[in-house]
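Here is my notebook from an afternoon of looking things up in one structure. Come along and check each entry as you read.

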Amino acid sequence: MSMFQEDGTIRVIEGPENPDAVHDGDFRVAPDVFISKFKKFVREYAYKNPSSNKDEVLTLKYRTQLQQNCRAGTYKMELSLNDLDTTDDGTILRYSLLTSPTEFVPMCERALQELYYEIVRKEDESMPDKAPVLQLELKCDADLDGLFGHMKPKMIRDLTSGQVERMVVVQGIVTSVKMPRDKARKVVLKCSNCENQKEISVPAGFAAAHVPSACDGNAIRGGTLEKCPSNPFRVVSELCEMEGDQLIKLQELPEHVPIGEMPRSIDLCTHLYGVDMCTPGTRLTCIGILCATEQAAGERMSAGRNQGTNTVKYTFIQTLGLQMAQGPVGAGAVEITPEEEERFEQLAKDPDIRNMIYKSIAPAIVASSKDVIDDVKKAVACLLFGGSRKRLPDGHRMRGDINILLLGDPGTAKSQFLKFAHNAAPVAVYTSGKGSSAAGLTAAITKDGDGFTLEGGAMVLADSGIVCIDEFDKMDVKDRVAIHEAMEQQTISIAKAGITTMLNTRCSVLAAANPRFGSYDDLANTADQMDFETTILSRFDMMFLVKDVRDEDRDYNLAKHLLSLHSGGSAQQEEQKSPLSTMELRKYLSYCRSKCAPRITPEAAEVLKNHYVGIRKAMKAERATIPITVRQLEAIVRISESLAKMELREDADVSHVEEALRMFTVSTLDSANRDRNGVGIDISEDDKKELQEAEEVVRRIIPKGGRKNKFQLESQLVSLGGVSEQMARRAVHLMTRRGELEEKANNTLKRVG
């Protein structure tokens with residue numbers, strides 16, 4: 001046994017001298033031994049610098065970090081729990097920190113102050129003589145299977161009474177951040193009778209200072225003095241030491257909440273350098289101590305029947321380290337192993353990778369050549385991968401996220417697309433139009449005991465992800481106007497209740513809506529059926545008219561597919577048929593978004609410029625339902641970048657631009673042109689011939705410059721011309737659209753001469 005003698009006592013420092021002996025792991029060390037081991041670890045821990053090719057070059061990691069931080073005026077040291085596993089002393093330190101952090105973390109900070117004198121002050125005389133308060137920040141590595149050393153992050157609902165006063169690791173999303181406040185770290189008391197001074201250290205968190213009720217006298221003043229009265233101490237404010245303190249509300253990640261349950265939350269108490277590190281919507285991993293205490297010392301204590309302290313405690317986490325994971329990158333979202341990264345690099349080189357991704361989008365939804373489902377799948381893939389965000393030299397930010405609107409008949413799988421996108425995206429929030437308000441989508445000001453606080457809504461919580469809004473047409477107009485700024489500028493400006501701020505909403509919007517009358521009417525004007533303002537339509541990069549096409553072959557294939565899904569026969573086969581599973585797709589798009597930010601090439605830009613000028617010229621000829629503005633030009637650029645991102649390429653070339661133009665044409669331009677050239681309806685040769693004959697009958701009935709009641713004209717077409725009622729309405733509608741007939745008062749039509 002290794003022993004030493006101190007003050008006549010014998011103390012065991014470490015275990016048996018036999019190096020091969022295995023310790024059972026259940027051990028505690030004395031405070032002075034712990035401090036000496038910690039100081040030794042900080043001084044001597046070395047690792048190989050990854051930037052150096054020489055094996056013998058070692059860097060003293062923590063010694064160097066402490067020196068650099070102190071010289072920079074940042075009095076803290078970041079300690080990785082994974083590094084503690086590499087040495088024997090580190091294992092003892094780790095065990096002590098995990099089991100009794102409340103006792104040993106202050107010891108570590110006291111040891112850092114001693115090291116300040118021994119390392120920093122000794123080598124640099126210009127540093128302050130008095131050691132500042134040094135904060136120990138803990139962090140851990142989450143690269144391998146999301147494990148933090150041997151500590152897997154816990155969900156907030158898994159925190160139980162057994163973890164109280166132990167170190168825990170939790171993940172979540174910040175929903176509200178209180179105003180920072182100043183808390184006394186050291187309280188100086190002075191006796192009002194004998195001027196005896198007393199210092200009281202206050203631990204971090206919600207612990208309060210206990211003021212002694214009796215004074216033990218002033219030893220400096222000799223002679224016989226009368227006894228001090230009870231409660232003689234007064235706080236000397238100018239001598240107290242203060243530190244920053246802040247309360248953060250952390251809520252469970254949306255993907256961790258079981259279906260049908262409310263998300264749970266817990267309060268985090270941060271101090272010193274942890275203050276003002278995050279905003280609502282930030283995803284973070286917190287390492288801290290699970291504490292259970294009264295919110296104030298002696299809370300609810302009273303004389304009489306209820307005398308005593310409250311036994312139901314308030315639970316919070318005293319943070320020891322915060323790791324930000326904003327959006328789909330980092331520990332707050334999908335973890336990708338090095339083997340998967342290598343596989344993804346090989347996958348990106350496959351020339352057919354884009355088709356593999358398209359087939360993996362909602363494989364349970366069957367498409368046919370008669371509808372636009374295939375193009376919707378390609379558009380959803382582009383939305384998931386997204387374009388490239390750009391920051392201009394003047395600080396202006398250009399969005400890279402793609403917004404898509406699906407407008408169409410009931411029963412065309414619009415909501416299924418939204419559900420799939422919600423499951424596939426690393427960060428996603430699903431909401432319905434009627435159940436969403438402006439405050440719920442953007443941000444809400446709530447009042448509590450300390451005043452007003454700001455809580456982020458769906459679009460703030462989905463920062464760097466996607467927001468799926470179903471029943472978009474059912475939203476109130478006032479609520480829809482609230483998301484204008486969030487969709488284009490990708491910020492939300494708040495100026496309410498004395499709070500003036502700006503929150504980030506860098507998210508894509510995937511919205512689904514029905515036409516105004518429930519289903520799409522071929523004979524009515526598209527503009528009349530879209531219950532949206534031009535301002536909101538121009539913010540969507542792609543708009544699809546998803547129609548319920550009545551075709552015998554399509555109906556047969558759809559019914560066959562749907563019934564096989566209900567019978568359970570091909571549900572697993574569909575998943576197997578898709579080249580990438582939903583989890584693989586999520587990891588691949590998360591990897592692509594973090595590694596790649598394509599830019600459009602000059603040749604592709606030239607092609608795009610010529611096409612855009614042509615589109616604008618064509619749209620100028622007649623009023624388009626959907627405005628084609630410079631926003632649509634940016635939309636085509638974003639679609640091109642997302643196509644290049646699927647292949648992990650840094651340049652979007654001409655082929656990407658041409659495919660983006662094709663997708664833009666079949667979506668937005670097709671919607672804008674629905675009212676031209678036969679209302680965009682694919683009709684057979686026989687129907688076309690019948691339509692022409694009906695128009696000739698109209699010309700015979702109404703002479704040039706003549707007028708006729710609209711309903712009388714349609715009935716005469718049916719009775720005299722032998723035309724079907726639907727074809728009669730279509731012929732009149734088309735001649736009106738072309739300007740050959742003009743609508744006048746009292747439902748009359750005038751033939752232009």
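**Entry 1: a helix and its hidden side**

I began with helix 4, whose buried residues are Pro-101, Phe-104, Val-105, Met-107, Cys-108, Ala-111, Leu-112, Leu-115, Tyr-116, Ile-119, Val-120 and Arg-121. I take buried to mean under 20% relative accessible area, exposed over 50%, and partly exposed in between, using a 1.4 Å probe and protein chains only. Helices (H or I, at least four residues) and strands (E, at least two) are DSSP runs, numbered from the N terminus.

Before going on, I noted that this is a predicted model, where local features need pLDDT of at least 70, side-chain atom pairs count only at pLDDT 80 or more, and totals for chains, interfaces and linings use all residues. Residues are numbered from 1 along each chain as its sequence is written, and side-chain values use heavy atoms, with hydrogens and water left out.

Next I checked the length of helix 4. Its 23 residues (101-123) should span 33 Å at 1.5 Å a residue, and the end C-alpha atoms are 31 Å apart, which agrees. The expected span is 1.5 Å times one less than the number of residues.

Where is the kink in helix 4 centred? I found it at Tyr-116, with an angle of about 40°. The bend at a residue is the angle between axes fitted to the seven residues ending there and the seven starting there.

I also looked up a neighbour from another helix. Lys-39 is in helix 1, and it is buried at 11% relative accessible area. Lys-39 and Cys-108 are 69 residues apart in sequence, yet their C-alpha atoms are 8.4 Å apart in space.

**Entry 2: aromatic rings**

A pair of aromatic rings is described by the distance of the centres and the angle of the planes. My rule was that rings of Phe, Tyr and Trp (its six-membered ring) pair if their centres lie within 6.5 Å; planes under 30 degrees apart count as stacked, over 60 as edge-to-face and the rest as tilted. By this rule I have 10 aromatic pairs.

One of them is Tyr-45 with Tyr-62, a tilted pair at 5.6 Å centre to centre and 40° between the planes. Tyr-45 lies in the loop between helix 1 (31-44) and strand 3 (46-48), and Tyr-62 in helix 2 (residues 61-71), so the pair ties together parts that are 17 residues apart in sequence. Both Tyr-45 and Tyr-62 are buried.

I then turned to Phe-385 and Tyr-588, an edge-to-face pair at 6.0 Å centre to centre and 70° between the planes. Since Phe-385 lies in helix 7 (residues 373-385) and Tyr-588 in helix 17 (residues 582-595), the pair ties together parts that are 203 residues apart in sequence. Phe-385 and Tyr-588 are both buried. They belong to one aromatic cluster, formed by Phe-344, Phe-385, Tyr-588 and Tyr-591.

**Entry 3: cysteines**

A disulfide is a covalent bond between the sulfur atoms of two cysteines. I counted a pair of cysteine sulfur atoms within 2.5 Å. How many disulfides does a search of the whole structure find? It finds zero. For Cys-592, the nearest cysteine sulfur is that of Cys-596, 6.9 Å away. Cys-592 is buried, with a relative accessible area of 0%.

**Entry 4: a hairpin and some loops**

I moved on to strand 29 (residues 741-744) and strand 30 (residues 748-751), which run antiparallel and are joined by four bridges. Two strands pair if DSSP finds at least two bridges between them. Glu-743 stands opposite Leu-749 in strand 30. The hairpin has three residues between the strands, and Asn-746 takes a positive phi near 60° there.

Is Asp-276 buried or exposed? I found it exposed, with a relative accessible area of 55%. Asp-276 lies in the loop between strand 12 (265-271) and strand 13 (283-293), and its phi is positive, near 60°. Tyr-273 is found in the loop between strand 12 and strand 13 too, and counts as partly exposed at 30% relative accessibility.

**Entry 5: an enclosed helix**

My last stop was helix 6 (residues 353-360), where six of the eight residues are buried, so it is largely enclosed by the rest of the structure. Just after helix 6, Ala-362 takes a positive phi of about 45°.
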